[in-house]
Amino acid sequence: MKIEELLLIRGIIHRDPEIMSGVPVFVGTRVPLKTFFDYLEGERGLAEFINDFPYLESQAIKVLENVTKMMLSIENTSNAYIA
């Protein structure tokens with residue numbers, strides 16, 4: 001499962017052709033998920049994202065939690081085959 005699919009299922013983001021031409025955005029906003037990851041990849045980081053979008057603090061934490069769980073699950077699955 002892809003990260004985007006997981007976040008859609010969990011109700012953290014959604015896609016709607018009427019909102020931002022179907023780009024995945026945080027539910028109830030027009031803030032693209034990509035914007036969040038751009039902040040994380042850049043110098044601004046999580047703190048700056050929360051400063052710029054304080055109403056998305058809990059959703060940002062949920063994204064990080066879900067991504068972390070997914071990465072750990074993938075890592076545990078691949079390590080299970082190593083003897």
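Modeller: One term comes up at once: a residue is buried under 20% relative accessible area, exposed over 50% and partly exposed in between, with a 1.4 Å probe and protein chains only. The model is predicted, so local features need pLDDT of at least 70 and side-chain atom pairs pLDDT 80 or more, while totals for chains, interfaces and linings use all residues. Residues are numbered from 1 along each chain as its sequence is written, and side-chain values use heavy atoms, without hydrogens and water.

Colleague: Is Phe49 buried or exposed?

Modeller: The relative accessible area of Phe49 is 0%. The limit for buried is under 20%. Phe49 is therefore buried.

Colleague: How many aromatic pairs does a search of the whole structure find?

Modeller: Rings of Phe, Tyr and Trp (its six-membered ring) pair if their centres lie within 6.5 Å; planes under 30 degrees apart are stacked, over 60 edge-to-face and the rest tilted. Searched as a whole, the structure has aromatic pairs numbering eight.

Colleague: Why is the pair of Phe26 and Phe36 classed as it is?

Modeller: The ring centres of Phe26 and Phe36 are 6.2 Å apart. Their planes stand at 90°, so the class is edge-to-face.

Colleague: Which elements hold Phe26 and Phe36?

Modeller: Helices (H or I, at least four residues) and strands (E, at least two) are DSSP runs, numbered from the N terminus. The pair links distant parts of the chain, 10 residues apart. Phe26 is in strand E2 (residues 25-26), and Phe36 is in helix H2 (residues 33-41).

Colleague: What is the relative accessibility of Phe36?

Modeller: Phe36 counts as buried. Its value is 0%.

Colleague: What kind of aromatic pair do Phe49 and Phe53 form?

Modeller: Phe49 and Phe53 lie 4.9 Å centre to centre. With 40° between the planes, the pair is tilted.

Colleague: Which residues do ring pairs link into a cluster?

Modeller: Ring pairs join several residues into a cluster. The members are Phe26, Phe36, Phe37, Tyr39, Phe49, Phe53 and Tyr55.

Colleague: Which residue lies over the face of Tyr39?

Modeller: A charge sits over a ring if NZ of Lys or CZ of Arg is within 6 Å of the ring centre and within 35 degrees of the ring normal. Here the distance from the ring centre is 4.2 Å, and the residue is Arg44.

Colleague: In what order do the elements of the protein run?

Modeller: The protein has four helices and two strands. From the N terminus on, the order is α-β-β-α-α-α.
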